[in-house]
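Here's a quick tour for someone who likes cut-offs spelled out. Have the sequence and the model open side by side, then read on.

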Amino acid sequence: MVNENIAQHFRPDEAPFIDQMMGLISAASSQYRPVLTDFLNPRQLYILQTLVNQHDQLKMQSSGGYAGAEMQRSLIYPDYFQPTIADFKLQLIEINYPVKFVGLHHRQIMGSLLGSGIKRETFGDILNEDDHWQFFVKIELTDYIGAQVDRIGRTHVQLMTVNWDQIVHPSDDWETFETTVSSLRLDVIISSAFNYSRNRSKELIEHGMVRVNWEELDRPDYELAIHDQVSVRHAGRIKLNALQGKNKKQKLRITLMVINA
């Protein structure tokens, strides 16, 4: 069970993840060996780093295959160990498809991977440059994913392993801005990020159009936390990047990063 002193700093729904990470931390500490996680989202990485920081004899590094990756595998290791990139066990996959006749989209690729029974924590970011689509996967699942996925939507595809020197260079479309909000409720943050009315934001959430950290969420009153990521269908994406206290009117000052669809 999660220690009460730890649990009070996080949301109740994060307790199972914290329990899981505490188990990995315990293994790294008691067995004095490196332990590798699945792919974690930015909020999970933040939680794990907070937990590891409580252990003086342990360190943590993360990699998603390229600088700025959102989904990353983390290595928890004793201070004697010197990690290399090979320790993260990542494989770069390219999607081979008839580019002259069809186009692929991020949502299609994500849906096809998840629809094939592949769990979100087993693959990393989906990268795009022009007609090239790639993603990172846990190296031990390379053959399995290649056998499971032969279509993206209605398009026949082939998943090919490629070397890291062939990685595409996706553009960084995030825009950063500071604002003030009355609370960290999900509907409030969406309204602020996209200049929507609260009613419109609530309707989008209640109709299944919103995901938080890649999980569909239908609660407008859900309280966001630092490093949470929100995806709003047909609108774009939001990162809650920083909390900066309150202003004189007791409103919260926050930093958001936004990509408009």
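## The 184-244 stretch

Helices here are DSSP runs of H or I with at least four residues, strands are runs of E with at least two, and both are numbered from the N terminus. UniProt, in an unreviewed entry, lists residues 184-244 as "domain: RNA-binding S4"; its positions follow the numbering used here, feature names are shortened, and annotations may be inferred rather than shown by experiment.

Some housekeeping: this is a predicted model, where local features need pLDDT of at least 70 and side-chain atom pairs count only at pLDDT 80 or more, while totals for chains, interfaces and linings use all residues. Residues are numbered from 1 along each chain as its sequence is written, and side-chain values use heavy atoms, with hydrogens and water left out.

## A covered helix

How many of the 9 residues of helix α6 (residues 186-194) are buried? The count is 8, with buried meaning under 20% relative accessible area, exposed over 50% and partly exposed in between (1.4 Å probe, protein chains only). The buried set is L186, D187, V188, I189, I190, S191, A193 and F194.

The cover over those residues includes β10 (175-181), α7 (198-206), β11 (210-212), β13 (229-232), β14 and β15 (252-260); contact here means heavy atoms within 4.5 Å. Just past α6, N195 adopts a positive phi of about 60°.

## Salt bridges

Side chains of opposite charge can pair when their charged atoms come close. Searching the whole structure turns up 12 salt bridges, each being a side-chain nitrogen of Lys or Arg within 4 Å of a carboxyl oxygen of Asp or Glu. One of them joins E70 and R237, at 2.7 Å from N to O. This pair links distant parts of the chain, 167 residues apart: E70 is in the loop between β2 (58-63) and β3 (72-78), and R237 is in strand β14 (residues 236-246). E70 is buried at 10% relative accessible area, whereas R237 is partly exposed at 26%.

E140 shows up in two bridges: with R73, the closest N and O atoms are 3.7 Å apart, and with K138 they are 3.9 Å apart. E140 sits in the loop between β6 (132-138) and α5 (142-148) while R73 is in strand β3, so their bridge ties together parts 67 residues apart in sequence. E140 is partly exposed, at 47%, but R73 is buried at 3% and K138 is buried at 11%. Elsewhere, a salt-bridge network links R11, D13, E14, R43 and D228.

## A buried loop threonine

T122 is buried, at 10% relative accessibility.

Of its 27 lining residues, F17, N41, Q44, N213 and E215 are the closest to the centre. For the method, a pocket is an open set of points on a 1 Å grid over the protein atoms alone, where a 1.4 Å probe fits, with protein on both sides within 12 Å along at least five of seven lines; lining residues have an atom within 4 Å of a point.

The lining has 13 nonpolar, 5 polar and 9 charged residues. Nonpolar covers Ala, Val, Leu, Ile, Met, Phe, Trp, Tyr, Cys and Pro, charged covers Asp, Glu, Lys and Arg, and the others, Gly among them, are polar. α2 (15-30), β1 (35-40), α3 (42-52) and β12 (215-216) each supply at least two lining residues.
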